[in-house]
Amino acid sequence: MNQRYSIYGLTKDRLAAWLLDHGHKKGRAERVWDWLYRQRVTDFQAMDDVNAECRAVLAEHFAVETLKEHTRQESVDGTIKFLFQLQDGNLIETVLMRHKFGLSVCVTTQVGCNIGCSFCASGLLKKSRDLTGGEIVEQVMKVQLHLDRKGRGEKVTHIVVMGIGEPFDNYDNMADFLRVIQDPKGLAIGPRHITVSTSGLADKITEFADSDLQVNLAVSLHAPNNELRTRIMKINRAIPIEKLLAAIDYYLEKTNRRITIEYILLKDVNDGKEHALELAELMGDRLVNVNLIPYNPVDEHAQYQRSAQESVLAFYDVLKKQGVSCSIRLEHGTDIDAACGQLRSKQLKLPS
């Protein structure tokens, strides 16, 4: 199969350089960029004010559409989960969520995941490859095109990089994605409206702190001590909490930007008041917000159950009384395959 590179994988500067290398004026990059991200055309031939020879060479080397919609689930709360098929046949998930503050898209960065969190549906299928920057950008474009077809003038306003995979394990492609979607003459999604989540790759957190990306950072902690975190997140064997906290402290000192600490509450595992007290002591006076996340049960991880509402509220109360900034995540799509990776794993288990 002829698999052309996604045009969405190029930043504007790289697009301009590519055009120059292929005998075309760098300035044409501005027009192509506008057609892609403002006019949102999906065919190079529709770019009618771009030189015909330029359109032809772009079409020869690049594709605008490399993802096909395979399955779509829509929730009563407006959440939409898309299952997209890549050119090589692999499946990935992308989610559109409606909030009071705007429309948020959660993107996937890898086909499968190798982090191995014992409660997570994403890791049920091991990583087979990284997504390209273009494949990550195209997820946002597919969702935006879906909104465009509705004719309501709605636009994607926020991005969370929290789908299948570990974003920092695909760092360079993720960084290209972030630069493309932030471009002020393109999708123009501001850095304060973008959050990247990591399971705790300490060296990449420090690299992220030193970068020019300036988007929000979330760290999946899910336990207040090494013994428990190692039991539910195998990454803790290689990167224990002490090493992770050192990277977090470096990030906070370098950027002075608040970090979100993600904490999924698992019934009778990490949701006791003693865990809340230990977590509060661990966080100390760091510039963080602990985001408490109700668990979406996964059939293959039946040993884990959702914490009772009373336990969630009690955990929250303990943190607040200890002076820790915290919140309880508002749930989306609970009537569909809410857990990240669930829809994909179910589809792949269907008989062909």
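**Domains, overall form and selected sites of the predicted model**

The domain assignment, in which bounds come from an automatic or database source, divides the protein into domain 1 (5-63) and domain 2 (68-349). The structure is a predicted model, so local features need pLDDT of at least 70 and side-chain atom pairs count only at pLDDT 80 or more, while totals for chains, interfaces and linings use all residues. Residues are numbered from 1 along each chain as its sequence is written, and side-chain values use heavy atoms, with hydrogens and water left out. Taken over C-alpha atoms, the centres of domain 1 and domain 2 are separated by 32 Å. Across the boundary, 14 residues of domain 1 are in contact with 16 residues of domain 2, where contact means heavy atoms within 4.5 Å.

The secondary structure of the protein consists of 12 helices and 14 strands; these are DSSP runs numbered from the N terminus, with helices (H or I) of at least four residues and strands (E) of at least two. The protein is as compact as a globular protein of its length, because its radius of gyration of 21 Å is close to the 20 Å that the globule rule gives for 352 residues. Here the radius of gyration is taken over C-alpha atoms, and the globule rule is 2.2 Å times the number of residues to the power 0.38. The C-alpha trace spans about 70 × 50 × 40 Å along its principal axes. Of the 352 residues, 56% count as buried, a class that means under 20% relative accessible area, with exposed over 50% and partly exposed in between (1.4 Å probe, protein chains only). The accessible surface comes to about 15500 Å², and 48% of this belongs to carbon and sulfur atoms; areas follow the Shrake-Rupley method with a 1.4 Å probe, and for residues only the protein chains shown count as cover. Among contacts between residues at least 6 apart in sequence, 66% join residues at least 24 apart.

The buried residues of H2 are Ala29, Val32, Trp33, Asp34, Trp35, Leu36 and Tyr37, and they pack against helix H1 (12-21), helix H3 (52-61), helix H4 (133-150) and helix H5 (171-182). Helix H4 also holds His146, which is buried with a relative accessible area of 5%. Beyond its neighbours within four places in sequence, His146 is in contact with Arg72, Ile80 and Phe82.

Turning to annotated positions, the unreviewed UniProt entry places the feature "active site" at Glu93 and Cys340; such positions are given in the numbering used here, feature names are shortened, and annotations may be inferred rather than shown by experiment. Glu93 belongs to strand S5 (residues 91-99) and is buried, at 3% relative accessible area. Its side chain is joined to that of Lys81 by a polar contact of 3.1 Å. A polar contact is a pair of N or O atoms within 3.5 Å; within protein, one must be able to donate a hydrogen and the other to accept it, and residues adjacent in sequence count only if both atoms are side-chain atoms.

Ser327, in strand S14 (residues 326-328), counts as partly exposed at 24% relative accessibility. Leaving aside neighbours within four places in sequence, Ser327 is in contact with Asn289, Val290, Asn291, Leu292 and Tyr316. With Asn289, Ser327 makes a polar contact between side chains (3.1 Å). The C-alpha atoms of Ser327 and Phe84 are separated by 32 Å, and these residues are 243 residues apart along the chain.
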